[in-house]
Every structure is written in structure tokens, then in C-alpha cells.
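This report describes the strand order, the helix packing, the ligand shell and selected backbone features of one structure. The sequence and the model are shown first.

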Amino acid sequence: NLSRRLRESLDKLRGRGRITEADLKQVMREIRMSLLEADVNFEVAKAFVARVQEKAIGQKVLESLTPAEQVYTIVYNELTDLLGGKAVQPELRHEGNLWFLVGLQGSGKTTTAGKLARYYKSKGRRPLLVAADTQRPAAREQLRILGERVGVPVLEVADNEPPEVTAQRLKDHLKTDYRDLVIVDTAGRLQIDEPLMEALARQKAVLNPTETLLVVDAMTGQEALGVSKTFDERIGVTGLVLTKLDGDARGGAALSARFVTGKPIYFAGTSEKLEGLEPFYPDRLAQRILGMGDIQTLLEKAQEAELEAPEKAPHEFDLNDLLNQMRQVRKMGSLGDLLKMIPGVSRMLPPEFSVDERAFKRVEAIILSMTPAERRNPKILNASRRRRIARGSGTSVQEINRLIKTFEETKAMMKTLQKTQRRRGWFRR
Ligand code: GDP
Ligand code: MG
């Protein structure tokens, strides 16, 4: 299992002060092995490891991430990159879209055609399905049934129908029934075979699609590289659809197909059902390959830092800011968890009060009883000033002491958070 192997390799780096080149080499060798085990093609794995190694060795040792976290982050970022970076969708013109689906038999073309029709119909498009398998009537019937279920018409070719005839029938159909997205389901073979490639190439040349989508079964592993390469060379592919990601596929096929064609993976099939189609998210597959848990925690850490980090630098943060933040939070309505967004505030409130309006009001009263100079610089709060504030706010000197102490602690905490925030540059490349 790729996830487990990778984690084991990375765990070896845990608890060490810095990454040595030898450490890294060892880990990278194991990452390459893990990728191979996950059916990633050898060349792909080699190229991937080389990229990661280059990045990791050139990297300064960061103060706030452990070396293991650093390597993990690089591996994650590179994997995401290799899978395409961001989620992308095929470009849709206002009209005249024709998508040509190709792939091996059983890869999920017909199912994907139905899913795409449903998906785009729900987005307000008017799809038309074309069952263009000229060999198997059963394959055409399968699409006809799917079309009925999603409420999209299906144009069926006849046995051995020449592509010119199909193109003409399509043109005639569109004259009376306006459609802005034509999805063509084609024949497949269990293996790459020359006659099929030739037939598909001819069909494509005549139909002149705006997109040619290669449907790849995520479970195929090693085979995906050769299949993708051949389809791309012979037919010319503009994008990929990865099916059966709901299975225990390890992602190797996606890496290979993407790597060898350089084409974007637009969609992921996530169930047999017609709803089982999603945009493909490279970062999610990378997370899956790495094992969700760890990377998720790491990313959450970074997200928390983003939430909690103050706008101002820590030395500028004063009691006025605290007051403003508290008021903002209160404006948002429900308290509770929102309070946690202000560092230290929940600790600042006396324990006998649960987090409620009254406790808030006391802290507010204390700060409001301070002079602007005191709010800017609480260090000047000597004993007599504190007594004055206690009287003015209707609280006690102890409460004020507690507030100031917590405020100082909060500032210290913010300094740490700022460091964390600095390391965020790491996740955003
Ligand atoms: P085609 O020969 O390329 O047209 O493949 P089909 O569309 O007939 O699909 C082959 C099998 O894979 C069928 O049993 C489908 O239900 C199944 N299938 C297709 N896509 C998915 C998917 O994303 N997830 C799952 N679990 N099964 C799928
Ligand atoms: Mg089919």
C-alpha cells in the first residue's frame, strides 16, 4: 500500500533536527519503490522522485516545520503539481461543442457519456448523446437506456456505418432539435488494436470534435501508461476522465496517464451511478496517495494559523485591537466557537462565567475604563492606575491583573503564530 509505505519512509525522518542528503536519498528511494508498488510507471516514478529530491535538498531547514513535515509537504505539492495542480474543466463554447469519448472496453466510456449528459443538463446545457459503436448493438442499447434515464436524446449509428453518414445524420438531427453539447460514445477493445485505432481516427477526423476525452480506468495501473500513450499518439487526446476512483485504486494510473499525455484530468468517476461524476481535484488524489490523515492535519495546522493570525505584527497588537476584535466577533451574533478565533480570549474570561455576554461586558468595561495611552501600552499600568480602572469599570484589581496577564500571554502566542504564518509560504507555492 502506497500510503503506508510512504508514511513509513517519512516517519524515519521524524524527530531529527535536520535532513541530511543521505537521509533524503534513502527516503526518496523508498518513495520510488512505493510509487512502483502502486503501479506508477517506472519513468514516472523516477521523474517524480528527482523533482522532489531537487526541491528538498535546495530547501533551507525551516524553524517551524519538522524535517519530516517539510519532506511531506514537498512530496504533496509535487504530487499535486504532477496531477495538474488545480481542478480544471473542459472549455465549453456557447454552442457547437462535440466531445468524442475514447478508451478501452470496460474503461467506463458509456457510463461516463451518460454521466456527462446528466451533469451538463443539470447545468442548463442541452446535451445529445451519440451511440457511435458501429460494432456492437448492445453497446448502443446501453447508451440508449442511460439516455432515457437522464432525459437526453440518443442518436444511434447503424452497424458498420461510415463516419460520413453519421456526421450527416447528426447534422440533420441538430437542424430540428437544438443541442449545444454532443457527446459521442465510441467502440472499445479489451486491448489496443490497430483496426480499432484506425476506425476511431477516421471517425474523429470526420466528426471533428472540440474535445477528445480519453476514459481511463483507475484500476488498470501499469497498463494506463501504454494505453494513454497509444491513444494520444494515434487519436490525439485533449483531456482525461479517470473512472472507478471509488474502488481501491491507488492513483498510479492517474499519475501515468497525466504524465505521458500531459493532458488535464477533467473528471473523476466515483460510482457506477449516474450521479457518480465529479470534477477531478489533483490535491485530493495527492492526499489520498499520501494517506489523508497526516497531510490533512498538516494542512489544518496551516489553516488554523491563517484564521488565528492577527492582522497586525505582535508588537503593534494592543488592547484597542483586542476590544475591536471582541466587538466584531459579537456583531457576528452567536458566540461560543467564534470566541476561539481570538487567541487567548476564552482563557481571559473568569472560569465561573461560561463564555457569555456578561463576561464579555466585564472585559469590555475594563478596557473602556483605560486611557488611550494605557490601552496602547498596558505596561504603564501601575497599582494606582489599576485601582482607578477597577473602580471605573465596576470590577476588581484581580480581574484586571488577570486580563493583563492573559493579554501578555496572548501577545507571546501571536509571535509564535506569526512564525507559523511565515511558514505558510510553504503551502502556497
Ligand atoms: P465502456 O466499455 O468503456 O463503455 O465501459 P462501461 O461504461 O460499460 O463501464 C464498464 C463497467 O464499469 C460498468 O459495469 C460500469 O458500471 C462500471 N463503471 C464505470 N464507471 C465507473 C465508476 O466510476 N465507478 C464504478 N464503481 N464503476 C464504474
Ligand atoms: Mg461502452
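An open sheet is formed by eight strands in the order E3-E2-E4-E1-E5-E6-E7-E8, with mixed pairing. Strands pair here if DSSP finds at least two bridges between them; strands (E, at least two residues) and helices (H or I, at least four) are DSSP runs numbered from the N terminus. E3 and strand E8 (277–279) stand at the edges with a single partner strand each, so one side of each has no neighbour in the sheet. From one strand to the next, the twist averages 25°. Within the sheet, E6 and strand E7 (residues 265–269) pair in the parallel sense over three bridges, and Leu-240 stands opposite Ile-265 in E7.

This is a predicted model, in which local features need pLDDT of at least 70 and side-chain atom pairs count only at pLDDT 80 or more, whereas totals for chains, interfaces and linings use all residues. Residues are numbered from 1 along each chain as its sequence is written, while chains are lettered from A and ligands numbered from 1 in the order in which they are written.

Helix H8 (residues 194–207) lies across strand E1 (97–102), strand E4 (181–185) and strand E5 (211–217), and runs at about 175° to E1. Axes are lines fitted to C-alpha atoms, for helices over the stretch in contact, and angles run from 0 to 180 degrees between N-to-C directions. H7 packs against H8 at an angle of about 35°, the axes being 9 Å apart. On the H7 side the contact is made by Pro-163, Glu-164 and Ala-167, and on the H8 side by Arg-202, Gln-203, Val-206 and Leu-207; contact requires C-beta atoms, placed from the backbone, within 7 Å. By class, this contact has four nonpolar, one polar and two charged residues. Ala, Val, Leu, Ile, Met, Phe, Trp, Tyr, Cys and Pro count as nonpolar, Asp, Glu, Lys and Arg as charged, and the others, Gly among them, as polar.

Ligand 1 is surrounded by 18 residues, the closest being Gly-108, Lys-109, Thr-110, Thr-111 and Gly-269. A residue is near a molecule if its C-beta atom, placed from the backbone, lies within 6 Å of it. The shell divides into no nonpolar, 14 polar and four charged residues, and helix H5 (residues 109–122) gives the most to it, with three residues.

Val-150 belongs to helix H6 (residues 137–150). It touches Gly-114, Ala-117, Arg-118, Lys-121 and Leu-274, residues up to four places away in sequence not being counted. The C-alpha atoms of Val-150 and Ala-117 are separated by 7.3 Å, although the two are 33 residues apart along the chain.

A residue is buried if 20 or more other C-beta atoms lie within 10 Å of its own, exposed if 12 or fewer, and partly exposed in between, with C-beta atoms placed from the backbone.

| Residue | C-beta neighbours within 10 Å | Class |
|---|---|---|
| Asn-160 | 9 neighbours | exposed |
| Lys-244 | 23 neighbours | buried |

Most residues other than glycine have a negative phi. Asn-160, in the loop between strand E3 (154–156) and helix H7 (163–176), has a positive phi near 55°. Lys-244, in the loop between strand E6 (239–243) and helix H10 (252–261), has a positive phi of about 60°. Ten of the ten residues of H10 are buried, so this helix is largely enclosed by the rest of the structure. Just after H10, Gly-262 takes a positive phi of about 70°.

Key:
Two residues are in contact if their C-beta atoms, placed from the backbone, lie within 7 Å.
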